[in-house]
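Have a look around it, then read on.

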Amino acid sequence: MFETVLIANRGEIALRVLRACKELGVRTAVVYSAADADSAAVRLADQAVRIGPASSRRSYLNAAAIVEAARQVGAQAVHPGYGFLSEDADFAEICADNGLTFIGPPPAVMAALADKSSARALMSRAGLPLPAGSVAPVATAAAAAEVADAVGYPVIVKAAAGGGGRGMTVVRHPAELARAYARTRAAAQAAFGDDRVYVERYLTEARHVEVQVLCDSHGNGVHLGTRDCSVQRRHQKLVEEAPAPALSAATLDGIAETALRGALEVGFVGAGTLEFLVDAEERFHFLEINCRIQVEHPVTEMVTGIDLVHEQLHIAAGVPLRWRQEEIRLHGVAVECRVNTEDPERDFAPTPGRLERFTPPGGPFTRVDTHASAGYLVGPWYDSLLAKVIVWAPDRELALNRLERALEEFDIAGPGVHTTIPFVRRVLDDAAFRKGRYTTGLVDRLLAPPSPLPSTAPSPLPSPTPAQRSTTTPTPRAAPAAEPDVSNRRTR
């Protein structure tokens, strides 16, 4: 095992990795930006190295500064967490060139899988089912239109180098395609420095189901079951659960076994996730593979009892996988929701500000992963994820009730600060969600304006006679409805 690991991230995932390292007797060092000088990770790490200003491009994305920090603290390995450089093959190679173990897949494997188009080709050769569409990037709008015409609308235009739900545009009509193609290419160039895009059939009423895998550098691998991540807004997940509900055992087993086969075929090493779309007939189609720990990893930990970050560290240190497939057992149901500092009433606009109150929920089988506390300043520079609430129960109904109870207890307040808690509670109240019969269209349905009611206005009254006019009393105007209180206090 390593003596010292440098954690190249911030927020809750930096704390998550830090705690796992300490439990294994590994010294920890974190990098931090000027904005995170007072963070919990800096306070709890054995060492901390400031690497730049608040701007992520000059701090958490600055590969040279991170490698220099690793040298300073004498680290043997770098854990990238998720986001930032976690799926950057160039950074993994720079680490290797400097004698550092990058905790993730080998650079060549990551490079092949980080490119979604390349990953589709690899998985296709491994026999995984893909949504209909182009395997290679499409070079022109006309070529994209040919693919769309062949597979049928709606289609989705995706950045080959995309990730984190960015760089995707759904196109429902041929007339929209050229503009969507150009817009997605521009967005991909701005976000990823790579404007290549590809086109595939968009499944409108599908489930987003993913599979957690662990693979070591000795050719061994296991899957840890499924997660359902269909509750998404603009491809950003809000609620996740394990195992995926309301699917047959045969389908769940089929997805999981297919995912593991694909991961082993491409030489994957580390903790990874293969994502699929599942249609109404329970046919599943490979979407992409993520070469890192994911935000939603705790639900898998809760149903398997396996610490995924511990396993990442063991695998990176060259230890053979400590689990065989027959030893993996799933127990009960776990559900996670993300608490973001966003205002659902204003199109989920970010709401930075200082937290005057921050009291997370407690209770049995309730886990809160967060880096925040009362007095914490939610800045405008980074992702709006403030906390994750994860609950476990023997069955799904109790797990959902437990999550409702936990969210009711969560007390977050600060000037101008709003969270996604009110919207998550709407999701938990939804009848289809409660039954486990929901798709990636759930959030759009909840956000859609209500259908106009049939007119119930009475027929116009006849004009009053002069005598009636003299005795008519004006009807008092109703008081205006109070503005909805969208603060978190409303949710208590």
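Is Leu 313 buried or exposed? Leu 313 is buried, because its relative accessible area is 0%; buried means under 20% relative accessible area, exposed over 50%, and partly exposed in between, with a 1.4 Å probe and protein chains only. Before going further, keep in mind that this is a predicted model, in which local features need pLDDT of at least 70, side-chain atom pairs count only at pLDDT 80 or more, and totals for chains, interfaces and linings use all residues. Residues are numbered from 1 along each chain as its sequence is written, and side-chain values use heavy atoms, with hydrogens and water left out.

**Around Leu 313**

Leu 313 belongs to helix H11 (residues 308-316). Helices (H or I, at least four residues) and strands (E, at least two) are DSSP runs, numbered from the N terminus. If you set aside neighbours within four places in sequence, Leu 313 is in contact with Met 1, Phe 2, Val 5, Ala 20, Cys 21, Leu 24 and Ile 103, where contact means heavy atoms within 4.5 Å. Take Ile 103: it sits 210 residues from Leu 313 in sequence, yet their C-alpha atoms are 7.0 Å apart in space.

**Helix H1**

Ala 20 and Cys 21 are among the buried residues of H1, as are Gly 11, Glu 12 and Ile 13. H1 covers residues 11-23 and should span 18 Å at 1.5 Å a residue, which agrees with the 19 Å between its end C-alpha atoms; the expected span is 1.5 Å times one less than the number of residues. Just after H1 comes Gly 25, with a positive phi of about 75 degrees.

**The open sheet**

Now for the strands. An open sheet of 8 strands runs in the order E13-E12-E9-E10-E11-E14-E21-E19, with antiparallel pairing; two strands pair if DSSP finds at least two bridges between them. Strand E13 (284-290) and E19 stand at the edges with a single partner strand each, so one side of each has no neighbour in the sheet. From one strand to the next, the twist averages 25 degrees. Angles run from 0 to 180 degrees between N-to-C directions, and axes are lines fitted to C-alpha atoms, for helices over the stretch in contact.

H1 packs on this sheet, touching E19 and E21, and its direction makes about 115 degrees with that of E19. Helix H9 (residues 249-265) lies across strand E9 (207-215), strand E10 (221-233), E12 and E13, at about 50 degrees to E9.

| Strand pair | Bridges |
|---|---|
| E12 (residues 270-278) and E13 | 6 bridges |
| E10 and E11 | 4 bridges |
| E11 and E14 | 4 bridges |
| E14 (residues 333-340) and E21 | 8 bridges |
| E19 (residues 366-370) and E21 | 5 bridges |

You can pick out partners residue by residue. Leu 277 has His 285 in E13 as its bridge partner, while Glu 241 stands opposite Val 335 in E14. In E21, Leu 385 is the bridge partner of Asn 340, and Ala 387 is that of Thr 370. Strand E21 (residues 385-393) is mostly covered, with 9 of its 9 residues buried. Strand E11 (residues 236-242) is mostly covered too, with 6 of its 7 residues buried. E11 forms a hairpin with E10, with 2 residues between them, and Arg 234 in the turn has a positive phi of about 50 degrees.

**Cores**

Which residues have the most contacts inside the largest nonpolar core? They are Leu 6, Phe 91, Leu 113, Leu 274 and Phe 276, in a core of 88 residues. A nonpolar core is a set of buried Ala, Val, Leu, Ile, Met, Phe, Trp, Tyr and Cys residues joined through side-chain atoms within 4.5 Å. Another core, of 36 residues, lies apart from it and includes Leu 386, Ala 399, Val 417 and Tyr 438. Leaving aside neighbours within four places in sequence, Phe 91 is in contact with Ala 63, Ile 66, Val 67, Val 78, Leu 85 and Phe 102.

**The whole chain**

Stepping back, the chain has 16 helices and 22 strands. Its radius of gyration is 25 Å, close to the 23 Å that the globule rule gives for 492 residues, so the chain is as compact as a globular protein of that length. The radius is taken over C-alpha atoms, and the rule is 2.2 Å times the number of residues to the power 0.38. Along the principal axes, the C-alpha atoms fill a box of roughly 100 × 55 × 45 Å. Buried residues make up 54% of the 492 residues.
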